[in-house]
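Morning, everyone. Please have the sequence and the model open while I talk. I'll go piece by piece.

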Amino acid sequence: MTQINRRNFIKKSALTASGVLVGSSLIAKGGPALQPSGEKGGAGPIVISTWKHGIEANEAAMQVLLNNGNALDAVETGVKVTEADPENMSVGLGGLPDREGNVTLDASIIDSQGNCGSVAFLEHIVHPISVARLVMEKTPHVMLVGQGALQFALDNGFEKKNLLTAKAKKKWEEWLINNKYEPVPNIENHDTIGLIAMDKNGDMAGACTTSGMGFKMRGRVGDSPIIGAGLFVDNEVGGATATGTGELVMKTVGSFLVVELMRNGYTPQAACKEAVNRIIKGNNNLSNSQVGYIALNKNGETGAYCLQPGFNYAVFKNNINQLFDSESY
Ligand code: SD4
């Protein structure tokens, strides 16, 4: 631990980001900066989310927090931006379909009281995160899947829509030519949005939503809707969320592991790294896989770590919304 912290401190001194402001978003010159990990935190509001699309999601989430909204409203509002974007081919509307051409969505949400909701294998609904929230708030259950989740959504006023855009359909038709069932890391078929927010009272919530692995087997569900795997928040400790090859995250209950490590004194950065190490230990061949974790602790410190270079994440804090390259194994 001491060694890790010392290394992080040195990195921080060397890599403090310089960049340009776009609206309230700081984009580092020459691409995203490396996160100055181990930095001192601070009170909320803070938002952290996965990938470049996190910048826009963070903006929306922060707007809620600055208007005195709570962390739960912030995380839902934030990831809805990504879900509604037809150009984004890995979340919600416009997501890549399964190998039979159906767009199937997974999402989960956790509030500051430890309440959870999730949906999996949900079709035809643009905002699975809002259905997950309703499962949490209106049912005695945590998770609804497939037809049951769809029926629940329709009963609660959600509209049935075709989620397969012309662009995603074209990609699927191209894929069908070779029909090779082989997941590829770091491109748009592994691109969930996971977002953790802390409001100005220091209360935290998290959300995670995805169309999952592109061209997956019909019925395949990843880590994103599995509480503890794709997302976990403990308001006393912090929150974490995952992106990448869901199977690897599920087998190690990754986000729960990150939070438990933080509970035991790890910084968010060191916790994310250890959770990735846990995956590496049990696997000889990870060249076709990616996993990225992000985390935020109760002190407002952030961290991230991933298997392979290429994962980035967005942090909105101290009035700056900034994209960082994650450190990798
Ligand atoms: C999944 N973890 O379904 C999700 C996909 C993903 O970045 O994260 N893509 O396995």
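Which strand do 4 bridges join to β4? It is β8, residues 193-198, and β4 and β8 run antiparallel. Two strands count as paired if DSSP finds at least two bridges between them.

Before I go on, some ground rules. This is a predicted model: local features need pLDDT of at least 70, side-chain atom pairs count only at pLDDT 80 or more, and totals for chains, interfaces and linings use all residues. Residues are numbered from 1 along each chain as its sequence is written, and side-chain values use heavy atoms, with hydrogens and water left out.

Now the overview. The protein chain has 9 helices and 15 strands. Helices (H or I, at least four residues) and strands (E, at least two) are DSSP runs, numbered from the N terminus. Of the 329 residues in the chain, 58% are buried. Buried means under 20% relative accessible area, exposed means over 50%, and partly exposed lies in between, with a 1.4 Å probe and protein chains only.

Back to β4, residues 46-50. Here 5 of the 5 residues are buried, so β4 is largely enclosed by the rest of the structure. Look at both faces. Ile 46, Ile 48 and Thr 50 are buried on one side, Val 47 and Ser 49 on the other. In general, side chains in a regular strand alternate between the two faces of the sheet. β4 also pairs with β14, residues 312-317, in the antiparallel sense over 4 bridges. Find Ser 49. It stands opposite Leu 195 in β8, and opposite Ala 314 in β14.

Next, the open sheet. Its 4 strands have the order β10-β11-β12-β13, with antiparallel pairing. β10 (231-234) and β13 (302-306) stand at the edges with a single partner strand each, so one side of each has no neighbour in the sheet. From one strand to the next, the twist averages 10°. Angles run from 0 to 180 degrees between N-to-C directions, and axes are lines fitted to C-alpha atoms, for helices over the stretch in contact. β10 and β11 (residues 238-244) pair over 4 bridges. There, Phe 232 stands opposite Ala 240 in β11.

Two helices pack on this sheet. α8, residues 254-263, touches β10, β11 and β12, and its direction makes about 145° with that of β11. α9 touches β12 and β13, at about 20° to the direction of β13. Contact means heavy atoms within 4.5 Å.

What about the nonpolar cores? Such a core is a set of buried Ala, Val, Leu, Ile, Met, Phe, Trp, Tyr and Cys residues joined through side-chain atoms within 4.5 Å. The largest has 43 residues, and Val 258, Tyr 293 and Tyr 313 have the most contacts inside it. Helix α9 (residues 268-281) gives the most to this core, with 6 residues. A second, separate core has 33 residues, including Val 64, Val 135 and Ala 153.

Last stop: α4, residues 128-138, and α5, residues 146-155. Their axes come within 10 Å and cross at roughly 85°. The two helices are therefore roughly perpendicular, a word for angles of 65 to 115 degrees. Val 131, Leu 134, Val 135 and Lys 138 in α4 meet Ala 149, Phe 152 and Ala 153 in α5. And is α4 covered? Mostly: 9 of its 11 residues are buried. Those buried residues pack against several elements, among them α3, β5 and α5.

Methods: Angles under 35 degrees count as roughly parallel, over 145 as roughly antiparallel, 65 to 115 as roughly perpendicular and the rest as oblique.
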